[in-house]
Amino acid sequence: ERKKGTTMTIIVGGGVEEEGEEDDFVPTVSLTLYETDFDQFVNKLGEAYEKYGFVILENHGVAQTDIERAFRLSKSFFEDLSQEEKEKYHLPGKGGARGFTAFGRETAKGATKSDLKEFWHQGRDLPTKGHKFEKFMPPNVEVNEIEGFTESAKHIFYSLDELGNRVLQALAVYLKQDRHFFDDKVDEGNSILRIIHYPPIAEESAGHVRAGAHEDINLITLLLGADEGGLQILRKDGKWLDVNPAPGCVTCNIGDMLQRLTNHVLPSTTHRVVNPPKERAHIPRFSMPYFLHPNPDYVIDTLESCVSEDRPNRYPEPISSDDYLQERLKEIKLK
C-alpha cells in the first residue's frame, strides 16, 4: 500500500526523471460503493475526475474470464490472420467506424507522424432496420476466421456500456443533475469498442509512438487491459504520470464532449502510450478502450450548474454530438 510522503518516479517532458510525491497517483474506486454507499461513490469519482480526469475502477462486474477470452481471440485476429485477410474487413469511407483499420493510419491531433497501432471497431447494434440513427451507425462486421471473436467483442461492448452508465449516473449527481440525467441521452449512443494491437517496435519506427499525446473525443472512456505498460497522463504541472492499474481493473477517463458539457469542471486529460524500453520493444501490446458516446442527435449545451461568475460559459454555441465527432475524426485523419 502506498504511504503518503514517499516518492515515485515522474516523467518530465523530454523524458527526464525526477522524484515526486508517492501520493500523486490516479485513485482507485470500487464499484461496490455504487450499491452500498452511492453518495460516497459519487464524491470519490467526482473528486478524482476534477483532479486527474482519470480514475481506476475495481470490482466493476466485468468477468475476468470474459476479459481474458476477448484478449485471446483478439490476439488471434491480429497475429494469426495475414494482412490480406485483415484488410478485407476494412470499410473504405466509413472513417474507421466499423471493422479493421490498418497499422499507421491514425494520427494524434496536431501530430505529423502516425501512431504505431492497428485496431478493430465494434459498435452498437441498432434494434430495427430503418432506425433513425442508421445513417450515423453502420452495421457491425462479422469475422469469419476466428470463431467467437464477434460474439466476444459484442459481449465486452455491452458489459462496458452498462458499467459506463453507472459511472454517468454518479457524475450526473456530482454535477447537480438528476441521477438519470444521462440515461436517455446515451441509450442509443454512437459508442465504440476499439480493440488495439500495438505490434513490436521496429527500428525503422523512429519518431513514431504507440499513441501520441491526445484527448478522447467522447463522454467517457473505459479501458481494459494493457498487459504491457506505457499509459501516461499529463499532470497540470506539465509532468507525465504513469498509470498502472492492478490486473483486471478498468481505467476510466473523461472525454472532450463531457469536458465541454461541464464547462471544464470535469477535465479531459491529455494522455499517451509511450514506447517500451529497448529490451521490451519486441513485445506487442493489446488494449480495449470503450468510447462511450451520446446519441448522435444529442446537443451538447453547457450545463447551467457548471456556469458561474467565476466560471463563465466557454461554449455559448451548442453543437450536436455527431457534428462534433465528424470535426474531430477529420483532425485525427480517420476522415
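The structure is a predicted model, in which local features need a pLDDT of at least 70, side-chain atom pairs count only at pLDDT 80 or more, and totals for chains, interfaces and linings use all residues. Residues are numbered from 1 along each chain as its sequence is written, and side-chain values use heavy atoms, with hydrogens and water left out.

## The chain as a whole

The protein chain contains eight helices and 16 strands; helices (H or I, at least four residues) and strands (E, at least two) are DSSP runs, numbered from the N terminus. Of its 335 residues, 54% are buried, where buried means under 20% relative accessible area, exposed over 50%, and partly exposed in between (1.4 Å probe, protein chains only). Contact means heavy atoms within 4.5 Å. Among contacts between residues at least 6 apart in sequence, 77% join residues at least 24 apart.

Strand β12 covers residues 250–254, and because five of its five residues are buried, it is largely enclosed by the rest of the structure. In a regular strand the side chains alternate between the two faces of the sheet. In β12, V250, C252 and I254 point one way, T251 and N253 point the other way, and all are buried.

Two strands pair if DSSP finds at least two bridges between them. The table lists strand pairs of this chain.

| Strand pair | Direction | Bridges |
|---|---|---|
| β4 and β12 | antiparallel | four |
| β9 and β12 | antiparallel | five |
| β10 and β13 | antiparallel | three |
| β10 and β11 | antiparallel | three |

F54 stands opposite N253 in β12, and I220 has I254 of β12 as its bridge partner. I233 is bridged to H271 in β13, while Q232 stands opposite D242 in β11. The hairpin of β10 and β11 has four residues between the strands, and G238 takes a positive phi near 90° there.

## Helices α2 and α5

Two packed helices are described by the angle between their axes and the distance between the axes. The axes of α2 (residues 38–52) and α5 (residues 149–174) come within 9 Å and cross at roughly 85°. Axes are lines fitted to C-alpha atoms, for helices over the stretch in contact, and angles run from 0 to 180 degrees between N-to-C directions. The two helices α2 and α5 are therefore roughly perpendicular to each other, a term for angles of 65 to 115 degrees. Residues making the contact include F38, F41 and V42 of α2 and R166, V167 and Q169 of α5.

## Residues in loops

N218 lies in the loop between β8 (211–214) and β9 (220–225). N218 is buried, with a relative accessible area of 2%. Leaving aside neighbours within four places in sequence, N218 is in contact with G255, D256, M257, L258, F291, L292 and H293.

K176, in the loop between α5 and α6 (183–186), is not a glycine, although its phi is positive at about 65°. K176 is exposed, with a relative accessible area of 69%. H264 also has a positive phi, of about 75°, without being a glycine. H264 sits in the loop between α7 (256–261) and β13 (271–273) and is partly exposed, with a relative accessible area of 22%.

Terms used
Angles under 35 degrees count as roughly parallel, over 145 as roughly antiparallel, 65 to 115 as roughly perpendicular and the rest as oblique.
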